[in-house]
Amino acid sequence: MSDPVTLEKRVGAYQQPFSGIGVEFQPLGVEADHSGIVLHEAGFHPKNDNWNFPSVFSPFWRLYYNSGGEHCVVFGEDFFTLEASRIVLIPDHQLFHCLGLQPTSSFWLHFSFDRKPSQEQAIPILLKPSPVELGLIREIRGLIESGKPSLQAR
């Protein structure tokens with residue numbers, strides 16, 4: 001018999017964009033600039049070993065990038081592994097579950113975006129990271145690990 005997965009709700013992970021362990025940026029209610037995006041949180045956990053959250057349904061977009069394939073998001077009966085070969089982008093108001101017990105390096109962004117994906121767009125949105133995107137992720141991770149986030153952070 002396998003070990004049961006403990007699913008727990010993390011305070012703030014559902015109705016707020018703040019996980020309590022990331023770097024918090026713009027508060028709620030801030031108007032977006034010309035890009036339509038308001039960044040609320042950037043986070044990095046080098047050995048995230050308990051990423052089990054059921055029934056996530058929030059008013060915020062989420063971007064995930066993990067270096068290993070130990071965690072996944074579940075939409076209905078479809079499992080999508082978080083791994084180094086892809087960025088997983090989840091629009092707001094999507095029901096999904098987070099699963100993962102093995103330690104892995106996890107990077108995330110939580111943000112508001114004033115646009116919606118096309119009705120034909122598959123969810124989650126799976127993107128192949130470019131060298132530029134990987135460089136930005138490495139730079140943001142480095143800032144978080146050093147404890148010196150951007151002066152834009154609150």
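**Close-up views of the predicted model**

Phe-96 counts as buried, because its relative accessibility is 2%; buried means under 20% relative accessible area, exposed over 50% and partly exposed in between, with a 1.4 Å probe and protein chains only. The structure is a predicted model, in which local features need pLDDT of at least 70 and side-chain atom pairs count only at pLDDT 80 or more, while totals for chains, interfaces and linings use all residues. Residues are numbered from 1 along each chain as its sequence is written, and side-chain values use heavy atoms, with hydrogens and water left out.

**Figure 1. Overview of the protein.** Along the sequence the pattern reads β-β-β-β-β-β-β-β-β-β-α. Of the 154 residues, 40% count as buried. The accessible surface comes to about 8900 Å², and 55% of it belongs to carbon and sulfur atoms; areas come from the Shrake-Rupley method with a 1.4 Å probe, and for residues only the protein chains shown count as cover. Among contacts between residues at least 6 apart in sequence, 72% join residues at least 24 apart, where contact means heavy atoms within 4.5 Å.

**Figure 2. The four-stranded open sheet.** Four strands, in the order S3-S8-S5-S6, form an open sheet with antiparallel pairing; two strands pair if DSSP finds at least two bridges between them. Strand S3 (53-56) and strand S6 (78-82) stand at the edges with a single partner strand each, so one side of each has no neighbour in the sheet. From one strand to the next, the twist averages 20 degrees; the axes are lines fitted to C-alpha atoms, for helices over the stretch in contact, and angles run from 0 to 180 degrees between N-to-C directions. Strand S5 (residues 71-75) pairs with S6 in the antiparallel sense over five bridges. Within this pairing, Val-73 stands opposite Phe-80 in S6.

**Figure 3. Aromatic pairs.** Five aromatic pairs are found in a search of the whole structure. Rings of Phe, Tyr and Trp (its six-membered ring) pair if their centres lie within 6.5 Å; planes under 30 degrees apart count as stacked, over 60 as edge-to-face and the rest as tilted. Phe-75 and Phe-96 form a stacked pair, with 5.4 Å centre to centre and 15 degrees between the planes. This pair links distant parts of the chain, since Phe-75 lies in strand S5 and Phe-96 in strand S8 (residues 96-99), 21 residues apart. Phe-75, at 11% relative accessibility, counts as buried. Elsewhere, Trp-61, Phe-111 and Phe-113 form one aromatic cluster.

**Figure 4. Strand S7 and its partners.** Strand S4 (residues 61-66) pairs with S7 in the antiparallel sense over three bridges, and Arg-62 stands opposite Ile-90 in S7. S7 also pairs with S10, again antiparallel and over three bridges. The bridge partner of Ile-87 in S10 is Leu-127. Ile-87 and Leu-89 point one way from S7, Val-88 and Ile-90 point the other way, and all are buried.

Figure 5. Ser-55 has a positive phi of about 50 degrees although it is not a glycine. Ser-55 is found in strand S3 and counts as partly exposed because its relative accessibility is 37%. His-93, likewise not a glycine, has a positive phi of about 60 degrees. His-93 lies in the loop between strand S7 (87-90) and S8 and is partly exposed, with a relative accessible area of 42%. A cis peptide bond with omega of about 5 degrees joins Ile-123 and Pro-124. Pro-124 lies in the loop between strand S9 (104-113) and strand S10 (125-127).

**Figure 6. The loop residue Leu-101.** Leu-101 has its place in the loop between S8 and S9. At 41% relative accessibility, Leu-101 counts as partly exposed. The C-alpha atoms of Leu-101 and Trp-51 are separated by 6.4 Å, although these residues are 50 residues apart along the chain.

**Figure 7. Helix H1 and the residue after it.** At 1.5 Å a residue, the 16 residues of helix H1 (residues 131-146) should span 22 Å, which agrees with the 22 Å between its end C-alpha atoms; the expected span is 1.5 Å times one less than the number of residues. Just after H1, Gly-147 takes a positive phi of about 75 degrees.

Conventions: Helix = DSSP H or I, 4+ residues; strand = E, 2+ residues; numbered from the N terminus.
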